[in-house]
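Please view the model with the sequence at hand.

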Amino acid sequence: MAAKPISGPPRHVAIIMDGNGRWATMRGRPRLFGHHAGAKRVREIVEACPDLGVKYLTIFAFSTENWKRTQVEVAGLMSLFRRYIAKEARALFEEGVRVRFIGDRVRLDKKLQALMDELETLTAKNDRVNLTIAINYGGRDEVARATKRLAEDVANGKLSPEEVNEETLPKYLDTCVLPDPDLVIRTSGEARISNFLLWQSAYAEYEFIDTLWPDFTRDVFTALVARYGNRERRFGGVLG
Ligand code: IPE
Ligand code: IPE
Ligand code: MG
């Protein structure tokens, strides 16, 4: 039977922005040069979303495993996040972007946490595009933190064990207000998800592409969104 194309664009696209380090190394430059080049790509991709019909964009900026990198790289990334937020806040606001952050903020420095809170508040009334940035995010860590809060609610009598199911558990995740991703893209040729949106991507479509993140353009993004339209999503059922 002919594959039935999907009607409509992916409402939520999630991107594992990988390959910054290799991009820099190929040019004989330090890894942080690649991270700066990668950060510069974000604006164009966010701005492409409304035309493509993508309402939610979630990007993986720093994982709970990325603390294993050298102190120089970690400190450089944290400084880049602070500068990026301070510099881009006004443009994001004016573009109608609502920014949210997911991940465990507690381990981030206070200045960065304050900038994140401010940007969320500044853009809270926007709804042209929903940009979610994952910093100190890990899918397992998120599920563990969610389970802890859920257990507290059960212990306090706010929730009964019988009420714990596939609908109630995700209300405790960092992504509680977001729809599940329809399309997950990973750049740089690695075919793994590295602990990103584990629960939420159970039925996402995946694209693993060789392009390194600093080379990821609006055209590449547009082509992947178009290809999504030809996929056949079955969700365990049979298309008739
Ligand atoms: C992705 O690029 C950005 C982060 C993980 C912060 P990498 O830094 O992982 O780049 P590669 O994979 O080493 O090329
Ligand atoms: C995943 O990339 C995390 C981010 C893009 C922020 P990594 O480069 O850290 O993942 P691994 O080490 O290749 O699995
Ligand atoms: Mg990598």
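A polar contact is a pair of N or O atoms within 3.5 Å; within protein, one must be able to donate a hydrogen and the other to accept it, and residues adjacent in sequence count only if both atoms are side-chain atoms. By this criterion, a polar side-chain atom of D18 lies 2.8 Å from an oxygen atom of ligand 1. The model is predicted: local features need pLDDT of at least 70, side-chain atom pairs count only at pLDDT 80 or more, and totals for chains, interfaces and linings use all residues. Residues are numbered from 1 along each chain as its sequence is written, chains are lettered from A and ligands numbered from 1 in the order in which they are written, and side-chain values use heavy atoms, with hydrogens and water left out.

**Ligand 1: contacts and burial**

- A polar side-chain atom of R69 is 2.7 Å from an oxygen atom of ligand 1, and for R31 the corresponding distance is 2.9 Å.
- Taken alone, ligand 1 exposes 370 Å², of which the protein buries 87% (accessible areas from the Shrake-Rupley method with a 1.4 Å probe; for residues, only the protein chains shown count as cover).

**Ligand 1: shell**

- The shell has 13 residues, the closest being D18, G21, R22, R31 and R69 (a residue is near a molecule or strand if one of its heavy atoms lies within 4 Å of it).
- Helix 1 (20–26), helix 2 (31–52) and helix 3 (71–94) each supply at least two shell residues (helices are DSSP runs of H or I, at least four residues, and strands of E, at least two, numbered from the N terminus).
- Helix 1 contributes the most, with 3 residues.
- By class, the shell comprises 3 nonpolar, 5 polar and 5 charged residues (Ala, Val, Leu, Ile, Met, Phe, Trp, Tyr, Cys and Pro count as nonpolar, Asp, Glu, Lys and Arg as charged, and the others, Gly among them, as polar).

- An oxygen atom of ligand 2 is 3.2 Å from a side-chain N or O atom of D18.
- Taken alone, ligand 2 exposes 390 Å², and the protein buries 79% of that.

**Ligand 2: shell**

- Ligand 2 is surrounded by residues including I16, M17, D18, F60, R69, R192 and S194.
- Strand 2 (residues 56–63) provides the largest share of this shell, 3 residues.
- The shell around ligand 2 divides into 5 nonpolar, 2 polar and 4 charged residues.
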